[in-house]
Amino acid sequence: MAGITFKNVVKTYDNGVTVIPDLNMEIKDKEFVVLVGPSGCGKSTTLRMIAGLEGISSGDLYIGDTRMNAVAPKDRDIAMVFQNYALYPHMTVYKNMAFALTLKKVPKDEIDRKVHEAAEILGLEEYLDRKPKALSGGQRQRVALGRAMVRNPSVFLLDEPLSNLDAKLRTEMRSQISKLHKQLETTFVYVTHDQTEAMTMGDRICVMKDGIIQQFDTPQKLYNEPCNLFVAGFIGSPQMNFADAVVEKTDQGYELVFGETRVPTQREELAPYVGRTVVLGIRPEHLRAGEEYIRGGNTLTAEVDLSEMMGSETYLYLNYAGSRFIAKLPGTVIAPAGSKVTLALDVDRIHVFDKETEKSILN
Amino acid sequence: MEKRTSYGRTILAYVVLIILAFLCLFFFYILIINATRNHAQIQQGFSFLPGKSFWVNLHNVMNDANIPVMSGIKNSLIVSGAAAILATYFSSLTAYGLYAYDFKLKRPAFIFIMLILVMPTQVSALGFVRLVTGMGMINTLWPLFLPSIAAPAVFYFMYSYMQSTLPLDLVEAARIDGSSEFRTFNRIVLPIMKPAIAVQAIFTFVTTWNNFFVPALIISDNSKKTMPILIAALRSADFMKFDMGKVYMIILIAILPIIIVYLILSRYIIAGVTLGGVKE
């Protein structure tokens, strides 16, 4: 069992491209950390550096108290699950899972016990004699998990393990991996570009962009208090709505003005921005249809561009004041395309960002 | 209408295939038929029906002191077998080295190997014979198979095959599992390469088996001669004793091992051995 620490880690490839400029991160022991970000953000590179599959250009990487920069992958006491499973195609499921233990010269009966134990947890017992090609995608992914499990590693690394599965299976495997984490009580580092996976599985989420950590916090914090425009736009589905608004001083405090809308707020952080344009963010679920949310001029009235019925909820797509808005309303709201709707911005749930630095002003 | 076109296509395909098969197999048929006829019969011209001299021809071939057929086959088997093993193993190893590792001289190394590929054997033959003589290996079987360790054509085939079927994730997974680099190659990479190895083993075996040029330069002892030299020796034998029946018989004997090797290895040539290991 061990935590992972990055100290000023830099990764520059031979061709001179720096993918990780300066990474400082501390993953606690037994924590489930999700690295999330768009493709090319350096999340996989970070994971591969932990695994030892990618060298570190400068800085220090610690697993537990040991500096790992020059330690070979096999000596790091880690296990990794690959996006494309990476099962040995010529070996049976049993042999795939037993391979690492065989190399360690673990006694045969112990290997047998461990493999069967893992197979039982993952529901793979009846497939032990099969080769990977005779398995479905979900089963292969479970074998890959099992192969990592039997080694009882101190760090479990998962590189987009669910991205090749269909939606239903993904949901199923998501909960299975979360369960596994609780069962194994090991440090998990999980890479994904899917923010739903990140939000549902991680104890903490590290949002990355261009090799730089944008925010490293709990899912709730990321959702409620995104530190910048990027995180605000990345976390949450559908994405947060953004509109350029001008800050105006009023008797009660301040107002954020865009189009016909005037959103009142008393937040003193806005004082330096009076007269300037900021980016106002509001999550689709915080655009409300109920009248109880109307406070002053915090409404926007627009024609519905597209209406998506999802059953339990309805998504409305609107164009207003030069920005595109998505509203996530209860399924009971029926507003066909072409109809006019009036929605209130939940003033307690607005986000405001500096237009230049893109940093959050309120959090 | 559409059905008729496809029907016509099928017939055309069959006709073409039958012609091609005929072109390929007809010579084997002549060979087998002529091996059963005596010299006089063969000289009269071709016949579709077999003769009755099979055993006589076989007896003549086996009992010719000048042409040690059995030792010829043994030598050819040793040389071709060793060449096939060395060429496929070491070419796979080289290809793996260039495919799986990143190092500074990777590209120059690749180009260098490709340059050797276009170099004809004849160009370096004289130097090769001098080298072999200098190393005291002239008139031995060693120089006939040892150079197979460096087989650029086999290397290129293996390299292309790896590119299409060997995901590097497998190698990394093995590394994390604690496998040493050599073990990864032997236990993970080689089994995946089996179809390619089978194909190249057959090719190398056949080419080495048929090779006349190099053995003719190196071997002078009758007991160390390989089959092509023996066949050539038979053809250039005394005109008065020349027996075509014997020539056909010895050629028939010479191709049998190749057919057997092909039958053994062909079952490994199955497509998609990695199917399922990695999802594309």
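This passage looks at two interfaces in a predicted model: one between the two domains of chain B, and one between chain A and chain B.

Where the domains meet, nine residues of domain 1 are in contact with nine residues of domain 2. Together the two domains of chain B bury about 840 Å², and carbon and sulfur atoms give 81% of that area. On the domain 1 side, the residues that lose the most area to domain 2 are B:Leu31, B:Ala35 and B:His39, which together account for 55% of what that side buries.

Two helices of chain B, α1 (2-35) and α2 (39-44), each supply at least two residues of the domain 1 side. The largest share of that side comes from α1(B), with five residues. Sorted by class, the domain 1 side that touches domain 2 has six nonpolar, two polar and one charged residues.

The second interface is the one between the chains. Here 26 residues from chain A and 22 residues from chain B take part in the contact. The area buried between chain A and chain B is about 2300 Å², with carbon and sulfur atoms giving 62% of it.

Two salt bridges are counted between chain A and chain B. A salt bridge joins the side chains of A:Arg151 and B:Asp177, with an N to O distance of 3.6 Å. On the chain A side, the elements giving two or more residues are α1 (43-51), β6 (78-81), α2 (93-103) and α4 (137-149) of chain A. The residues of chain A that touch chain B comprise 17 nonpolar, three polar and six charged ones.

Taken side by side, the two interfaces can be read as follows. Between chain A and chain B, the buried area is about 2300 Å² and the salt bridge count is two.

Definitions and conventions
Residues are numbered from 1 along each chain as its sequence is written. Chains are lettered from A and ligands numbered from 1 in the order in which they are written. This is a predicted model: local features need pLDDT of at least 70, side-chain atom pairs count only at pLDDT 80 or more; totals for chains, interfaces and linings use all residues. Side-chain values use heavy atoms; hydrogens and water are left out. Domain bounds come from an automatic or database domain assignment. Contact means heavy atoms within 4.5 Å. Buried area is the accessible area (1.4 Å probe) that two parts lose on being put together, summed over both. Helices (H or I, at least four residues) and strands (E, at least two) are DSSP runs, numbered from the N terminus. Ala, Val, Leu, Ile, Met, Phe, Trp, Tyr, Cys and Pro count as nonpolar, Asp, Glu, Lys and Arg as charged, and the others, Gly among them, as polar. A salt bridge is a side-chain nitrogen of Lys or Arg within 4 Å of a carboxyl oxygen of Asp or Glu.
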